[in-house]
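These are my notebook entries on a structure that I looked up residue by residue. The entries follow the order in which I consulted it.

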Amino acid sequence: MPNIVVGQSVTDFTASATSENTLSLSDFKGKNLVIFFYPKDNTPGCTTEGQNFRDLFDEFVAANTVILGVSRDSLRVHENYKAKHSFPFELISDPDETLCKHFDVIKLKKLYGKEYMGIERSTFLIDTQGVLRHEWRKVKVKGHADEVLATVKALSS
């Protein structure tokens with residue numbers, strides 16, 4: 001059973017992030033939090049997804065919402081990726097998959113006929129009180145950031 005369920009409080013977590021941050025869910029009390037999990041820095045789909053969230057960043061901020069990206073890449077790789085694409089949000093490094101497992105995003109995947117365990121592109125919306133309000137799994141990048149923003153705005157109204 002997943003550790004998180006829509007409509008229930010998300011258990012606090014702590015993780016290392018870019019800009020020499022150590023972030024906890026409790027740090028964001030009073031703000032909505034969008035956490036998007038993606039497979040790998042510097043790949044086409046993941047870069048497009050990050051850029052889409054970047055391009056809507058000011059609208060998320062106006063809706064009292066923080067954005068965090070998560071992958072298994074190292075902090076060094078994250079820092080370069082964040083700078084290269086001018087991401088205004090922090091990226092969490094989860095090499096041991098602690099946070100990925102907490103949100104149940106590690107799934108069996110196939111690429112070129114080979115099976116492996118990897119991050120299933122997923123996004124989670126946690127409200128100002130730490131309650132999971134919406135989850136998107138098996139995300140398709142096109143239009144996704146817009147849909148998340150619309151859901152955030154609906155939650156706030």
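Entry 1, a helix crossing. I looked up how α1 passes α5 and found a right-handed crossing; a crossing counts as right-handed if the near helix is turned clockwise from the far one by less than a right angle, and left-handed if anticlockwise. Helices here are DSSP runs (H or I, at least four residues), strands are E runs of at least two, and both are numbered from the N terminus. Helix α1 covers residues 44-55 and helix α5 residues 144-156; they pack at an angle of about 40°, and their axes are 8 Å apart. The axes are lines fitted to C-alpha atoms, for helices over the stretch in contact, with angles from 0 to 180 degrees between N-to-C directions. The angle makes α1 oblique to α5, since under 35 degrees counts as roughly parallel, over 145 as roughly antiparallel, 65 to 115 as roughly perpendicular and the rest as oblique.

I then noted which residues make the contact (heavy atoms within 4.5 Å). From α1 they are E49, N52 and F53, and from α5 they are H144, A145 and V148. By class, I recorded three nonpolar, two polar and one charged residues in the contact of α1 with α5. Ala, Val, Leu, Ile, Met, Phe, Trp, Tyr, Cys and Pro count as nonpolar, Asp, Glu, Lys and Arg as charged, and the others, Gly among them, as polar.

Basis of the entries. The model is predicted, and local features need pLDDT of at least 70, side-chain atom pairs count only at pLDDT 80 or more, and totals for chains, interfaces and linings use all residues. Residues are numbered from 1 along each chain as its sequence is written, and side-chain values use heavy atoms, with hydrogens and water left out.

H144 is placed in helix α5 and is buried, with a relative accessible area of 3%; buried means under 20%, exposed over 50% and partly exposed in between (1.4 Å probe, protein chains only). Leaving aside neighbours within four places in sequence, I found H144 in contact with E49, F53, T123, W136 and V139. D146 also lies in helix α5, and at 48% relative accessibility D146 counts as partly exposed. I noted 21 Å between the C-alpha atoms of D146 and V131, which are 15 residues apart in sequence.

I found H134 in strand β9, partly exposed at a relative accessible area of 31%. Apart from neighbours within four places in sequence, H134 contacts T123, F124, L125 and T151. The C-alpha atoms of H134 and F89 are separated by 20 Å, and the two residues are 45 residues apart along the chain.

Most residues other than glycine have a negative phi. K138 lies in the loop between β9 (132-136) and α5 and counts as exposed at 60% relative accessibility. Its contacts, with neighbours within four places in sequence left aside, are E120, R121 and S122. K138 and R121 are 17 residues apart in sequence, and their C-alpha atoms are 5.5 Å apart in space. E20 also has a positive phi, near 55°. E20 lies in the loop between β1 (14-17) and β2 (21-24) and is exposed, with a relative accessible area of 81%.

Rings of Phe, Tyr and Trp (its six-membered ring) pair if their centres lie within 6.5 Å; planes under 30 degrees apart count as stacked, over 60 as edge-to-face and the rest as tilted. By this rule I count eleven aromatic pairs. F37 and F103 form a tilted pair, 5.3 Å centre to centre, with 45° between the planes. F37 lies in strand β3 (residues 32-37) and F103 in the loop between α4 (98-102) and β6 (106-111), so the pair ties together parts that are 66 residues apart in sequence. I recorded both F37 and F103 as buried. The ring centres of F37 and F124 are 5.7 Å apart and their planes stand at 90°, so this pair is edge-to-face. Because F124 lies in strand β8 (residues 122-126) and F37 in strand β3, the pair ties together parts that are 87 residues apart in sequence. F124 is buried, as is F37. Finally, I noted one aromatic cluster formed by F36, Y38, F53, F60, Y81, F87 and F89.
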